Amino acid sequence: MFYKKNIEKVLNELDSSLQGLTQEEFNERLSKYGYNELKEKEKTSVFKLFLETFKDPLVIILLVAALVQIFLGEAIESVIIFAVLILNSILSVVQTQKAEGSLDSLKKLSVPTAKVIRNGIKITVDSRELVPGDVVILEAGDYVPADGRVIESQSLKVVEGMLTGESEPALKHENIIEEEVALGDQKNMVFSGSMVVYGRGVYIVTSTAMNTEMGKIAHMLDNAGNKQTPLQIKLDEFGKKLGIGIVGLAALIFAIQLLRNASVIDSFMFSVAIAVAAIPEALSSIVTIVLAVGTNTMAKKQAIIRKLPAVETLGSTSVICTDKTGTLTQNKMTVVDTYMYGSTSKVLADNVDGEIALTNSISLSESSLILCASLCNDSDITSEGIEIGDPTEIALMNYANKNEFNYKSIREKYERVGELPFDSDRKLMSTINKIDGDLVMFTKGAPDIVFSRCNYALEDGEVVSITDEIIENYKRKNEEFSNKALRVLAFATKKVNDTNLNISDENNLTLIGLTAMIDPPREEVYDAVKNAKNSGIKTVMITGDHKTTAAAIAKDIGIMETDDIALTGKELDLLSDKELDEKLEHISVYARVSPENKIRIVKAWQRKGKVCAMTGDGVNDAPALKQADIGIGMGSGTEVAKDASAMILVDDNFASIVNAVEVGRTVYTNIKKSITYLFSGNLGGIIAILFSVFANLPNPFTTIQLLFINLVTDSLPAIALGLEQPEKSVMKNPPRDVNEKILSKDTLKSVLTRGSIIGLVTIIAQYIGLKTSPEMGVAMAFSTLTLSRIIQTFASRSNTETIFKIGFKSNKYALGAVVTCLGMFSLTLLPFMRDIFSIPSNYNFTSFITCLVLAIISTLLMEVSKFITKK
């Protein structure tokens with residue numbers, strides 16, 4: 001804790017001096033500490049990632065099936081299976097590779113060179129050659145190359161927002177800080193990667209490389225594992241169970257066939273047919289495509305998805321941990337109130353030349369307040385509309401413009417001829433301007449300091465001696481503003497005789513008034529927080545700002561309720577994990593937090609089984625963004641934060657997150673519809689095969705027929721179901737339980753009902769065909785199963801409403817998919833395709849119509865089952 005030690009002690013501990021290190025000392029320390037650069041763990045190779053995709057039980061079963069097909073001379077079937085598996089693996093590797101890159105962006109923040117004192121001489125060195133004990137010189141425009149203790153500050157201001165979350169530059173000093181404070185309050189320290197925007201300073205390096213605050217973040221990023229989404233977890237679990245079931249069923253069929261004295265090859269082919277019929281080969285690709293379509297929808301809602309599974313994760317989000325500045329608020333300080341003692345409106349004539357356009361609604365005191373705010377101010381707006389300067393001063397400038405005071409004209413007319421810059425000791429800034437031949441000093445600063453320097457006050461435009469009553473009114477108003485978490489500035493003035501200002505001149509002032517400002521909430525955030533709450537989603541504010549300000553904003557927009565509390569990062573550190581878990585659901589605001597705090601908060605919600613989304617824009621947010629179930633980076637944020645995120649908000653707007661949740665919920669619902677559709681059809685095929693086994697009938701399908709159904713005629717309808725419109729109740733229900741199974745009770749009921757109906761009509765079709773020949777039985781079973789699975793698209797669009805209620809045209813993609821798949825099926829009936837799909841020459845129009853009627857009947861029965869269930 002170097003910030004708690006005086007400069008002499010810091011120099012002694014680091015065995016250094018104000019003259020810097022000698023070359024020998026540098027060489028010795030470089031060998032001890034190493035280069036000042038970030039390091040990361042070795043990445044998994046692309047080839048290893050590719051191989052790991054084949055560990056899935058269903059993939060293994062398909063690989064075995066493909067190898068058996070090669071052994072039996074069925075080359076076409078094996079090629080198809082291998083092609084599908086390789087395609088799915090490539091898609092998986094690409095998505096994994098896209099997820100990396102956070103540390104690469106972090107490394108890009110490293111500073112190329114640094115100005116140091118070595119052997120008592122100022123030199124420029126490569127920043128990677130810094131070591132603890134080096135004395136570094138900082139000037140405006142420099143990036144800080146390593147962490148260190150400030151030993152000299154001349155109005156040194158450093159932007160540390162990406163580490164601390166603070167939106168304003170931190171004014172640095174060299175004094176001791178007695179108490180233990182958060183990173184953002186260590187005003188006598190500078191940190192690697194931050195930028196100097198004003199003044200100059202000298203500091204001694206205390207930490208380099210992975211020991212810096214930036215290095216700690218790099219370490220956390222390296223150790224924050226990539227989270228699986230709830231859908232991925234459930235699909236993996238389901239895949240393992242399905243794999244075990246398929247192997248068991250295939251082994252049972254193989255044994256039964258052998259007991260019936262069937263040949264080993266025929267028995268094996270039956271078993272392979274069961275495996276191919278049961279495994280939805282295209283499921284992975286279909287889920288990927290549906291998620292990709294969801295990303296396009298989200299992009300239109302200002303949310304860019306970097307990792308496809310994040311689309312679905314949003315749908316199950318139950319907690320959103322959000323930053324305040326820029327996400328909930330406008331990231332623009334705004335004057336929202338003013339106070340001037342005894343001020344009343346007077347009619348004021350406009351300036352003849354229009355340079356100071358005073359309106360009828362502005363009092364004499366307020367015109368003086370605006371004049372002071374405009375002149376005692378260093379901010380500016382370029383011709384391109386870019387705001388330059390301290391956010392507080394920009395707010396004052398906008399306040400003047402809003403009241404029809406042209407600040408540029410004011411500054412041109414009333415030339416500045418002297419100034420005393422702001423510093424943290426005085427907490428004041430003063431300027432001298434020429435006004436109508438007089439030299440007038442304008443002062444702004446902390447209210448208590450300004451009050452103590454005033455002997456006079458403006459009362460309704462007139463200068464009067466200050467009284468206890470006037471001061472008490474000002475103090476009461478200042479306290480009232482402060483309790484609302486408003487930032488308050490006081491303004492004063494006096495005439496002077498000389499342009500050479502010194503600190504003693506800032507006395508005997510005339511008090512003008514107060515301004516109160518805040519970074520106000522975005523207008524749309526109020527409804528967004530309310531909608532999130534109605535959807536069962538808790539919003540938690542995590543910010544680097546002060547607790548009072550954060551709590552006030554949280555109460556205003558509805559995040560913080562009556563029984564809720566706010567904690568600082570320091571207060572959070574004092575809680576054990578057990579204590580945090582007990583209080584967690586009532587903590588709505590965390591202020592002055594560290595990167596470690598953010599990860600701990602996310603993990604605490606995850607321990608409770610909640611799906612946690614986390615927003616952030618700074619380097620300090622990156623580890624928590626990676627740890628969260630879904631990290632949400634800001635479009636205006638650092639590349640490090642974006643790379644650690646699964647989703648990026650283009651407009652930095654909290655309301656866009658809630659809109660994206662709606663899309664995520666719809667995508668998950670639609671994926672469930674696709675899965676239900678696929679497994680219903682697969683179950684129908686399995687039932688038909690099992691019936692033929694136990695009824696001692698020929699195998700109703702060939703392997704290539706089943707692959708054609710699973711990969712071709714099932715794919716388009718399944719994708720089309722992923723494009724269904726949101727249901728009306730999508731945001732009225734709480735987030736789904738993360739432990740909900742892929743085949744939940746209602747889903748399983750739908751799969752069993754539809755699968756049984758499809759299996760029944762397929763068995764009937766085979767029975768009709770067997771009256772002619774075994775080959776005709778196979779052809780009619782294949783036709784009926786294919787047509788039933790295609791036409792069941794209409795029944796699959798809703799588990800509760802019939803197609804006649806939701807309408808055939810409400811999803812044009814589903815209608816198009818059915819028509820396209822019917823066309824694809826008709827190709828199998830062409831003369832040159834019949835041999836491939838085992839369709840005999842005597843299969844005619846009557847045979848086709850019979851199969852089509854059975855398929856239509858199956859879909860009608862599915863719709864009737866919905867009606868019966870509702871009744």
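The following questions and answers cover a predicted model.

Visitor: How many helices and strands does the protein have?
Guide: Helices (H or I, at least four residues) and strands (E, at least two) are DSSP runs, numbered from the N terminus. By that count the protein has 33 helices and 25 strands.

Visitor: Is α28 roughly parallel or roughly antiparallel to α29?
Guide: The axes, lines fitted to C-alpha atoms over the stretch in contact, have angles running from 0 to 180 degrees between N-to-C directions. Those of α28 (residues 745-770) and α29 (residues 774-796) come within 7 Å and cross at roughly 155°. Because angles over 145 degrees count as roughly antiparallel, under 35 as roughly parallel, 65 to 115 as roughly perpendicular and the rest as oblique, α28 is to α29 roughly antiparallel.

Visitor: Which residue in β7 is the bridge partner of Val150?
Guide: Two strands pair if DSSP finds at least two bridges between them. Strand β4 (residues 147-159) runs antiparallel to β7, joined by 10 bridges. In β7, the partner of Val150 is Tyr203.

Visitor: Which residue in β7 stands opposite Ile137?
Guide: Strand β3 (residues 135-139) pairs with β7 (residues 195-207) in the antiparallel sense, over 5 bridges. Opposite Ile137 stands Val202.

Visitor: What percentage of the residues count as buried?
Guide: Buried means under 20% relative accessible area, exposed over 50% and partly exposed in between, with a 1.4 Å probe and protein chains only. Of the 871 residues, the buried share is 55%.

Note on methods: Residues numbered from 1 in each chain as written. Predicted model: local features only at pLDDT ≥ 70, side-chain atom pairs only at ≥ 80, totals over all residues. Heavy atoms only, no water.
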